[in-house]
Each structure stands twice: as C-alpha cells, then as structure tokens.
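Hi,

Here is the structure I said I would pass on. Have a look at it first, and my notes follow below.

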Amino acid sequence: GAQMRDLVYCFDESDRDNASSRRCHVTLVYRAGEAEGGAETHFSRRITSAGASEFRVDGKAVSAEAYQERLKGFGVLVKARNFLVFQGDVENVASKSAKEMTAMLEQVSGSGLLREAYEEAEGKKEEEEERVAALYHKRKAVATEKGQKREQKKEAERHQELVAAVAGLKARRVLFSLYHLEQDGSEVAEALEEERAKLGEAEAARGEADARAGEARKAQGRFAKEALG
C-alpha cells in the first residue's frame, strides 16, 4: 500500500473504509539470560490511524534511530533482517547461488553494513602499506648512499695517507742525496788537499834537486878550468 496503515488487516469492507479504526501495534519482548538477571526489554512499534509509525522501548516513545540502536545492542539488525523470517525466505535461500548466499550471509550477519567502512579502511591500509614501502625503499637508498659516502671517505683518507707517505719518502730521498753529496764533497776536498801537499813536496824536492844540479855544474866548471890551467 501507499501508507503503513494499508498493511493493517481489515475484517471486512466497512472496516477497510473506516480509517480511524485501522491501527495496530506489535511488541517484541527480549528476555536476558539468567547470568544477566533475566530482565525483559519490550520493543513496540505502532501504526497510528494516520498511517505514521511510533516506536517505544519499555513503553517510552523513542525515535526510529534510537529504537534500532537498542535492538542492535541485542544483536538484532533491522536493515539486515537477521531476526524475523518472512514468508518465502526459506525457498529464496534454497535457490540462491554461492555468491548470492554469501551476500545474504553478509546481510544477515550485519557485515554488509560495514562494507563501506571496510573498503575505506582497506584503502587506507593499502595507502599506509605503500607509504611504508616507500619509506623502506627510501631508508634503504639512504643507507646505501651512506655506505657509499663512508667508503668514499675511507678512500679519500687512504689517498691522503699515501700522498703523505710518498711526500715523506721523497723528502727522505732528497735528504739522503744531500747527505751523500756533502759526504762526497768532503772526501773530494780531503783528496785535493792531499794532492796539493804531495805537489808541494814534489816541488820542494825538485827545487832541492835543481839546487844540487846547479852546484854540481858549478863544481864541474871549476874542475874544467883547473884542468885546463
């Protein structure tokens, strides 16, 4: 029907035409277990003569949203239809495919109501996984770069050590050469002094020889004169 009151059973045609008498209500009584004290909660829904719905919990009028939230607290999901079995539901279930059966179970369990939130959470999860993967690769790249920089630093330090070692060896070679040049110069100077001394001695000996030769020539000249005289 066009209104909720059209669902109200009518005894006869006169009852159908009497709109003021077409009202009804249904009450669900939920009884808690013994562990919870066995308390009862009454859920009532009324259809007024004007065709509107009224919701009551333990006789107190509440909104439709509050009514459904109280039912949800007991595991009764109105939108999922997991509480009442309507006419034809059994035959419909038996004829469903595996995919349709899964969809029905999601509806009855209420998980279908969470599909949007689940897909949103799944999307955020994938985004976080991508972000974590990107951070991991970035961290790995940074670690690799740090390792390369560390090796480059070691190579630079090793190069500087080798340069310093080569410079030290060159300096030692120059000092060694200078030392031996000085040593060689001293030896040459000493040899030159010895040669000069020997030359002086030779010249002195020659002067003496020349003097003796002059004396001998003079004596020879006297002998010659005396022999001729």
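Let me start with the surface: D184, E187, E190, E194 and E195 gather there in a patch of negative charge. A patch takes residues with over 30% relative accessible area and no salt bridge, joining like charges within 9 Å and nonpolar side chains (Val, Leu, Ile, Met, Phe, Trp, Tyr) within 5 Å. Asp and Glu count as negative, Lys and Arg as positive, while His and the chain ends are not counted. Each charge is placed at NZ of Lys, CZ of Arg, CG of Asp or CD of Glu. D184 sits in helix α5, residues 115-228, and is partly exposed at 40% relative accessible area.

A word on the source: this is a predicted model, where local features need pLDDT of at least 70 and side-chain atom pairs count only at pLDDT 80 or more, while totals for chains, interfaces and linings use all residues. Residues are numbered from 1 along each chain as its sequence is written, and side-chain values use heavy atoms, with hydrogens and water left out.

Overall, the protein has 5 helices and 4 strands in the order α-β-β-β-β-α-α-α-α. These are DSSP runs numbered from the N terminus (helices: H or I, at least four residues; strands: E, at least two). Of its 229 residues, 9% count as buried; buried is under 20% relative accessible area, exposed over 50%, and partly exposed in between (1.4 Å probe, protein chains only).

There is also a nonpolar surface patch of V174, L175, L178 and L181, with about 400 Å² of accessible area together (Shrake-Rupley method, 1.4 Å probe, only the protein chains shown counting as cover for residues). L181 is in helix α5 and is exposed at 56%.

Salt bridges next: the whole structure has 6, each a side-chain nitrogen of Lys or Arg within 4 Å of a carboxyl oxygen of Asp or Glu. E40 pairs with R31, their closest N and O atoms being 2.5 Å apart; E40 is partly exposed at 34%, whereas R31 is exposed at 59%. In helix α5, R131 and E128 lie 3 residues apart, about one turn, and their side chains meet at 2.9 Å, N to O.

One buried spot is S44, at 11% relative accessibility, in strand β2 (residues 40-47). Its side chain makes a 3.0 Å polar contact with that of T27 (N or O atoms within 3.5 Å; within protein, one must be able to donate a hydrogen and the other to accept it, and residues adjacent in sequence count only if both atoms are side-chain atoms).

Cheers
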